[in-house]
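Me: I would like to learn how to read pockets, cores and helices from a set of coordinates. Please take them one by one.

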Amino acid sequence: MMKTKWFFGGLAILVLLAICIPAYNWNHSNIARLRNSGKTQMAPIIMVPGSSATKNRFDSLITELGHEAPQDHSVLKLVVKKDGRITTTGTIRRNDNQPFIVVSFENNKDGKVNIDKQAVWLSAAFKQLVQTYHFNHFSALGHSNGGLILTLFLEKYLKKTPSVRVDKLMTIASPYNMEEKSTTYKTSMFKELYAYRAGLPASLVMYSIAGTENYNSDGTVPYNSVNFAKYIFQDEIKNFTEITVTGANTAHSDLPQNRQIVSLIGQYILRESFPRKQDKTQGE
């Protein structure tokens, strides 16, 4: 009798597992499908230039992407004035689901005080963009201090638009510890970014690119300063990757249009993954 009870008890457990495991897997995949189905078709790439750069900073980069990517992207440029007014040039074509939107600032000066202000101005521009174009997810690209502005925005201000999430962030030569070369000294800029790191979206995928002419610096930003990004992003977001680019055109101002970086943007930020055009110097 005891053996029979054990037999039927074990059989009942097996039947229950046979029912529950597929149901759990279906429910898990269905939740993911429903979550993704709520995304808007439009998912712009918001670009923020560094200090002293204008709304035209990414023109060469956009041209290079146009040479290699199979899809053309509209370009909309915003300038946020000191008084908060926003001027625009360019348009977003109808049915362009991944336009480039450049957000620049009338006050584009360097320094922590200005970077903090620029993050606030970016937040104001972002709210206007969401109200106008009704997207609920996006990716972002920042060069130099533009990466710091975007990081502050994601940490402190994106939560004010809770219906919108960021998918990916790529920063190019962003000095997370400013001009400091030390691996131990922490600037006030880094301390602020570190203090607010818990505000970063947990689902974010982030790529930090460093350029090095001499393995120490890109001529302007020390490599160690770019490397400080890991202390801010690691363990706070879904995935953090640091990439170092060396060789030709790795001076600080050349990096946004560097061919290796153009390919990285195509591979990791654009939806389409386009092949590199074969270098004529390479063999068949």
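Me: Which residues lie nearest the centre of the largest pocket, and how many residues line the pocket?

Reply: First, the ground rules. This is a predicted model, in which local features need pLDDT of at least 70 and side-chain atom pairs count only at pLDDT 80 or more, while totals for chains, interfaces and linings use all residues. Residues are numbered from 1 along each chain as its sequence is written, and side-chain values use heavy atoms, with hydrogens and water left out. On a 1 Å grid over the protein atoms alone, a pocket is an open set of points with protein on both sides within 12 Å along at least five of seven lines, a cavity is a set where a 1.4 Å probe fits but cannot get out, and lining residues have an atom within 4 Å of a point. Here 16 residues line the largest pocket, and Ser144, Asn145, Thr220, Val221 and His252 lie nearest its centre.

Me: What volume does the largest pocket have?

Reply: A volume is the space filled by probe spheres set on the points, with grid points joined across faces, edges and corners. For the largest pocket this gives about 210 Å³.

Me: How many cavities of 30 Å³ or more are there?

Reply: The count is one. Among the residues lining the largest cavity are Pro49, Phe105, Gln118 and Asn145.

Me: Which residues touch the most other members of the largest nonpolar core?

Reply: Such a core is a set of buried Ala, Val, Leu, Ile, Met, Phe, Trp, Tyr and Cys residues joined through side-chain atoms within 4.5 Å. Buried means under 20% relative accessible area (1.4 Å probe, protein chains only). In this core of 46 residues they are Val103, Phe126, Phe138, Leu154, Tyr176 and Phe233. Helix 3 gives the most to this core, with eight residues. With contact taken as heavy atoms within 4.5 Å, Val103 touches Leu122, Ala125 and Leu129, among others.

Me: Is Ser74 buried or exposed?

Reply: Ser74 has 2% relative accessibility, so it counts as buried. Its contacts, leaving out residues up to four places away in sequence, include Thr91, Asp96 and Phe100.

How values were computed:
Buried means under 20% relative accessible area, exposed over 50%, partly exposed in between (1.4 Å probe, protein chains only). Helices (H or I, at least four residues) and strands (E, at least two) are DSSP runs, numbered from the N terminus.
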